[in-house]
Amino acid sequence: MSVLELRALEKHYGRIQAVNGFDLKSEEGELLAILGPSGSGKSTLMRMIAGLEKPSSGDILLDGQSVLGIPPRDRNVAMVFQSFALYPHMSVRDNILFPLVSRKVPKSQHQAKLDEVTRILEVDDLLDRRPTRLSGGQQQKVALARALVRDPELFVFDEPLSSLDAQIRSQARAELRELHDRTRITTLYVTHDQLEALGLADRVAVINKGRLHQVGTPRELYNDPADLFVAGFIGNPPMNLLPLDEHTVAGLRPEHLRLHADAPDGDYVLDMQVAIEHVEYLGSEWLGYGTVQSGLADIDQQRQHVVARLPASIEPRFSPGEQWRFVGARADVRLFDRASGERKASQAGVAA
């Protein structure tokens, strides 16, 4: 098990700053996700770690040793790409063994390593097939076996599930997590899909425009976002972000936005009149969408939209076209500085 550390890492393409002063350190044997929208710098970061891109400045360390200047094939970093990149003219057996052949590992060791990884990933019955005769899920397993056979110090996954059908992604996520728990190889998982990141990772690093916004467990990111970007990016639907005054934005998760008539007695920071626009039934929950009519600072002179979430067992009392009073409890509200976007410290007893 290894530790990956990035120190003040930067990558510039002319005037474009793809990665900006990135500091990050993994735990030994952890599955760490890099999560961000398209164009946030995730793939550039991954390519620098693998040695496919040279940083403009900063350092990359594996177990305390800098890997800058070391060619990709000598870094012992195994990569799995979105496209799987299997060789169509080779059998599954030859695809899996290719890293050993290219690194000139003695042939006497090939069979034992092949048996081990095919047993772990359950692809031993596919060895004589060509990749074109495999399903997407099977190709993913073969790509994982090819990466695992070289006994890597670090796994780097670049959106490995995005090309799979939606129906098998959940199973694939479970299999990836099971593989990690079995091997305990330190893993960097790059994705734009928060469901993958929050469902798979021990910790998640949220990145946007080349800058690291927050690192934490999925629970920490959801319950205690460090800034407005994380608050608005994590969660589906994301956190309701509403202006309290010219300096402060209040954040409230949809499940914490309650009808005043149904809410217990308490200390409420948000107290709003909301016009219901439409209601969705999604099987496991109800979502109610509306616009705030009163109760907020009218700073931008824009309509403020809110989302309320209810479990499927509780049918909403509100209907489209109606106006209802909604509240947000002090304990559930998170406060952010309007100018900087940063989370505010606890103030006047309000949870920040």
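Colleague: Where is the place of Pro237?

Modeller: This is a predicted model. Pro237 sits in the loop between α8 (228-233) and β11 (240-243).

Colleague: What makes the peptide bond that joins Asn236 and Pro237 cis?

Modeller: Its omega is about 0°.

Colleague: Why does Ala8 count as partly exposed?

Modeller: Ala8 has 39% relative accessibility. Buried means under 20% and exposed means over 50%, so a value in between is partly exposed. Ala8 lies in strand β1 (residues 4-13). Its phi is positive, near 45°.

Colleague: Why is Lys104 called exposed?

Modeller: The relative accessible area of Lys104 is 71%. Lys104 is in the loop between α2 and α3, and its phi is near 60°.

Colleague: Which residues in α3 are buried?

Modeller: Among them are His110, Leu114, Val117 and Leu121. Seen down the axis of α3, the buried residues fall within an arc of 160°, so they line one face. On the other side, Ala112 and Arg119 are exposed.

Colleague: Why are α2 and α3 called oblique to each other?

Modeller: Their axes cross at roughly 125°. Roughly perpendicular ends at 115 degrees and roughly antiparallel starts over 145, so this angle counts as oblique. Residues of α2 including Arg93 and Ile96 take part in the contact with α3.

Definitions and conventions. Residues numbered from 1 in each chain as written. Predicted model: local features only at pLDDT ≥ 70, side-chain atom pairs only at ≥ 80, totals over all residues. Heavy atoms only, no water. Buried < 20%, exposed > 50% of the residue type's maximum accessible area, 1.4 Å probe, protein only. Helix = DSSP H or I, 4+ residues; strand = E, 2+ residues; numbered from the N terminus. Arc of directions from axis to C-beta. Axes fitted to C-alpha atoms, helices over the stretch in contact; angles between N-to-C directions. Parallel < 35°, antiparallel > 145°, perpendicular 65-115°, else oblique. Contact = heavy atoms within 4.5 Å.
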